Amino acid sequence: MTSQIIKVDPFDFIIFGGTGDLSERKLLPALYYRQSDHQFSEPTRIIGASRSRMSDEEFKAFAEKAIREHVKAEDIDEDELRQFINRLSYVTVDAKNGDGFEELKQAIGESQCIRAFYLAVTPALFGEIAHNLQSHGLITPNSRIVVEKPIGRDLQSAKKLNDEIGSVFGEHQIFRIDHYLGKETVQNLLALRFANALYEPLWNSAHIDHVQITVAETVGLEDRVTYYDTAGALRDMVQNHMLQLLCLVAMEPPSSTEANAVRDEKLKVLRSLKRINGAEAPKQTVRGQYKAGASAGGPVNGYVEELGKPSDTETFVAIKAEIENWRWSGVPFYLRTGKRLAARVSEICIEFKHIPHSIFDESAGNVYCNKLIIRLQPDEGVKQFIMMKDPGPGGMRLRQIPLDMTFAQNFKGRAPDAYERLVMDVIRGSQTLFMRRDEVEAAWAWTDPILKAWADNGLEVQGYTAGTWGPSASIALIERDGRTWHESD
Ligand code: BG6
């Protein structure tokens, strides 16, 4: 899937939280892949910055281990790995008390290269790090700051974080990551919609019955106890990833792929989402929490057992969302996401309307609605379900057949991880795949009333057995409207 590689200008990449989980699993492997594709120019440097006391050599050993563990063995080129490791150094920095920023300044030196500060740390430290960078004179016109979600836990806290970062960096320097936007198939949504004349005329309420967006995971709490139990599925997945997917499906054609052209259109969608308030929440939303069950062929604990204490945090959400604008009036967007579900699958299902009149008699069988399935992961691809005649002399028998465009069969090569694309976009200064401040806040402005309605109505989580598709109320949510969840194969 790789196309021609264009080198980026030399840069200094400073990872706060350099010895943490994100750095180990995603950032260092992603940067290694970019090195091995010869995308870096000289002199590019990567500086780890964390509280742990570590020497350069120890950080290099940490990075090498991370790469050997998280990059496929066949993708490791020993020469490239050596060159990559040579780019690394380490500074002990304590963001809380400001220790280590002078040392960081010395490590960076007089370099006027692009400077990317990647904050792979808790959001509680974003403001302090930004201010320390400023007070130590580390921010050049060529600097960018990259922040990871969660950007707040509601509108108010998101505004506070945005204010803190925004008082030091200009919006054009702030890169808010939503890693879903870096996924190949998510970007492909732009290509599918706007590089084909076929779909756009049908992409509206006259032809589309409804849209489903499913992001199902089989994993449980993993080792994120502290964060996840205070967040829950609505904050963790819906406020960001799922709303971003919804925006890309629903937005008007932007005038170009330029960052603000795309983000302006997404923002309009977020602002058109109908608020779900107290009275609607029990009908339009479902909260679930997994109980003991089975996953990957073995027994697994329920959420509260994994957590070790009682909890009302939702690990599953289903929502019937509505967009109040001309294009989508009357077209529900059903969203569902959860942990410990029956399969790991993320997909968007666009279900078109019924044919207006059938010329076939009953013996032909059902005429199903056309469906377009955009599979984000795994088995990335696009399937268009159409009705065909079953071949043979048995008369007119209709059958639903997928036109199947699986990426693996059509594109050669490795599908790069989202972070590879996103970190290079940071260096290029391209913000198209990053969230603008007003987008993040508009997303919270829609999720906040749901959180409030849940609290006000005492809407408790409904249990579901691990390894299933969530609580039965989620099936009822869509079936009440005479529709069913698309069954992924
Ligand atoms: C993260 C969430 O943003 O996305 C996790 O915090 C979730 O809870 C993850 O597991 C899913 O990402 P992916 O790329 O594995 O679908």
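**Surface patch and ligand site**

Phe360 counts as partly exposed because its relative accessibility is 31% (buried means under 20% relative accessible area, exposed over 50%, partly exposed in between, with a 1.4 Å probe and protein chains only). The model is predicted: local features need pLDDT of at least 70 and side-chain atom pairs count only at pLDDT 80 or more, while totals for chains, interfaces and linings use all residues. Residues are numbered from 1 along each chain as its sequence is written, and side-chain values use heavy atoms, with hydrogens and water left out.

Phe360 is located in the loop between β13 (345-352) and β14 (371-377). Together with Ile359 and Met396, Phe360 forms a nonpolar patch on the surface, with about 300 Å² of accessible area.

The ligand is surrounded by Lys149, His179, Tyr180, Lys183, Glu217, Arg224, Asp236, Met237, His241, Lys339 and Gln377. By class, this shell holds 6 charged, 3 polar and 2 nonpolar residues. Helix α9 (residues 233-250) provides the largest share of the shell, 3 residues (helices are DSSP runs of H or I with at least four residues, strands runs of E with at least two, numbered from the N terminus).

For Lys149, a polar side-chain atom is 2.8 Å from a ligand oxygen; for Lys183, the corresponding distance is 2.6 Å. An N or O atom in the side chain of Glu217 lies 2.5 Å from an oxygen atom of the ligand. On its own the ligand has 400 Å² of accessible area, of which the protein covers 82% (areas come from the Shrake-Rupley method with a 1.4 Å probe).

Notes. A residue is near a molecule or strand if one of its heavy atoms lies within 4 Å of it. A polar contact is a pair of N or O atoms within 3.5 Å; within protein, one must be able to donate a hydrogen and the other to accept it, and residues adjacent in sequence count only if both atoms are side-chain atoms. Ala, Val, Leu, Ile, Met, Phe, Trp, Tyr, Cys and Pro count as nonpolar, Asp, Glu, Lys and Arg as charged, and the others, Gly among them, as polar. Patches are made of residues with over 30% relative accessible area and no salt bridge: like charges are joined within 9 Å, nonpolar side chains (Val, Leu, Ile, Met, Phe, Trp, Tyr) within 5 Å. A salt bridge is a side-chain nitrogen of Lys or Arg within 4 Å of a carboxyl oxygen of Asp or Glu.
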